[in-house]
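Dear colleague,

Please find below the structure I promised to pass on, together with its sequence. My notes follow directly after it.

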Amino acid sequence: MKRILVGLAAATLLSVSGASAAEPALIFDLGGKFDKSFNEAAYHGAEKFKKETGQSYREFEIQNEAQREQAMRRFAQRGNSPIVATGFSAAAAMEKVAKEFPDIKFAIIDAVVDAPNVRSIVFKEQEGSYLVGILAAMKSETGTVGFVGGMDIPLIHKFSCGYIGGVKSVKPDMKVLENMTGTTGAAWNDPVRGGELTKSQIDQGADVVFHAAGGTGIGVLQAAADAGKYGIGVDSNQNGLFPGHVLTSMVKGVDVAVYNVFKEAAAGELKGGTVDLGLKENGVDYALDENNKDLITDEMKAAAEKAKQDIIAGKVEVHDYSTDSKCPY
């Protein structure tokens with residue numbers, strides 16, 4: 001697969017050679033494709049498509065905000081389709097570029113762009129976070145658990161609020177500590193700061209810390225493991241990063257979303273509109289594998305599975321922070 005190079009002299013101008021009109025493209029969010037979390041999940045979805053179909057795709061890892069629109073427009077100019085962008089921050093650029101290129105298919109993950117040639121894919125993060133909140137509350141021995149978010153935005157509060165709801169459903173008086181890493185895109189790629197926030201929460205009594213912080217979360221999981229406590233991963237299955245110290249991961253089907261968009265486009269079936277993926281649609285879940293099976297008791301699993309079925313059946317409704325910017329738990 002040919003790589004896209006950022007010319008040093010041109011700073012942010014892309015140079016791509018020989019792109020095929022039928023070739024899809026993937027633009028990663030800040031933090032890079034190997035962040036072990038959100039971006040990497042998108043990468044795995046694209047790689048699955050490539051392996052199964054033998055069809056190549058283009059990719060670009062942005063280094064600053066200006067590159068979102070530049071990369072998107074250059075791919076569109078060269079006929080790449082669909083063009084998939086990860087992250088809510090790509091919404092403004094996609095809204096603009098998709099309008100300029102109505103014959104090109106686009107897709108965005110974690111945001112909604114209302115255009116006929118854009119597939120918007122969002123998730124019910126609060127539902128998966130509710131489940132890992134249950135597991136955290138049942139595992140905790142101190143009565144205090146923590147949450148470390150990346151950028152302080154409504155999307156990340158969806159994670160934290162759902163998590164708090166799950167914790168409180170088990171133990172209403174349990175304390176939940178919460179910190180956000182920052183207010184800019186740099187918050188997704190600061191593992192040192194993630195570790196510092198986690199250590200602070202552990203010093204305040206937290207023995208389980210859930211992160212929704214992209215690459216910053218590696219520092220969260222590392223700090224929890226170093227202290228002999230438990231971390232909870234996000235987006236990708238991060239159970240294997242620090243085996244024995246990652247209680248579970250709130251997995252989000254970013255890989256499936258990218259794979260499906262590529263596949264549908266290849267078949268000429270990709271349509272615009274919004275899809276919202278929760279537990280019922282297998283869009284979110286908690287991860288159980290050989291790395292954490294000894295950490296999750298039968299009682300814990302039974303509680304999480306019951307909550308999952310109750311949410312799917314509509315018996316339990318997990319509050320969506322993005323609807324009113326409030327967390328009632």
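Six aromatic pairs occur in this structure, which is a predicted model. Tyr57 belongs to the loop between α1 (38–53) and β4, while Phe262 sits in helix α8, so the pair ties together parts that are 205 residues apart in sequence. Tyr57 has 0% relative accessibility and so counts as buried; Phe262, at 1%, counts as buried because the limit is under 20%. Ring pairs also bring in Phe49, which forms a cluster with Tyr57 and Phe262.

A further pair is made by Tyr163 and Phe210, whose ring centres are 5.0 Å apart and whose planes meet at 55°, so this pair is tilted. Tyr163 is part of helix α5 (residues 154–170) and Phe210 part of strand β10 (residues 208–212), so parts 47 residues apart in sequence are tied together by the pair. Both Tyr163 and Phe210 are buried.

I turn next to the sheet. Six strands form an open sheet in the order β4-β3-β5-β6-β7-β13, and the pairing is parallel. The edges are taken by β4 (58–61) and β13 (273–277); each has a single partner strand, so one side of each is left without a neighbour in the sheet. From one strand to the next, the twist averages 15°. Strand β3 (residues 25–28) pairs with β4 in the parallel sense over four bridges, and Ile27 stands opposite Phe60 in β4. Helix α8 (residues 254–266), which carries Phe262, packs on this sheet and touches β3, β5 (83–86), β6 (106–109) and β7 (118–123). The direction of α8 makes about 160° with that of β7.

As for the protein as a whole, its secondary structure comprises nine helices and 14 strands. The radius of gyration is 20 Å, close to the 20 Å given by the globule rule for 329 residues, so the protein is as compact as a globular protein of that length. The C-alpha trace spans about 60 × 45 × 40 Å along its principal axes. Of the 329 residues, 55% count as buried. Among contacts between residues at least 6 apart in sequence, 67% join residues at least 24 apart. The accessible surface amounts to about 13700 Å², with 49% of it belonging to carbon and sulfur atoms.

With kind regards

Key:
Residues numbered from 1 in each chain as written. Predicted model: local features only at pLDDT ≥ 70, side-chain atom pairs only at ≥ 80, totals over all residues. Heavy atoms only, no water. Pairing = 2+ DSSP bridges. Helix = DSSP H or I, 4+ residues; strand = E, 2+ residues; numbered from the N terminus. Axes fitted to C-alpha atoms, helices over the stretch in contact; angles between N-to-C directions. Contact = heavy atoms within 4.5 Å. Rg over C-alpha atoms; globule rule 2.2 N^0.38 Å. Buried < 20%, exposed > 50% of the residue type's maximum accessible area, 1.4 Å probe, protein only. Areas by Shrake-Rupley, 256 points an atom, 1.4 Å probe, with all protein chains shown as cover. Phe/Tyr/Trp six-rings, centres within 6.5 Å; stacked < 30°, edge-to-face > 60°.
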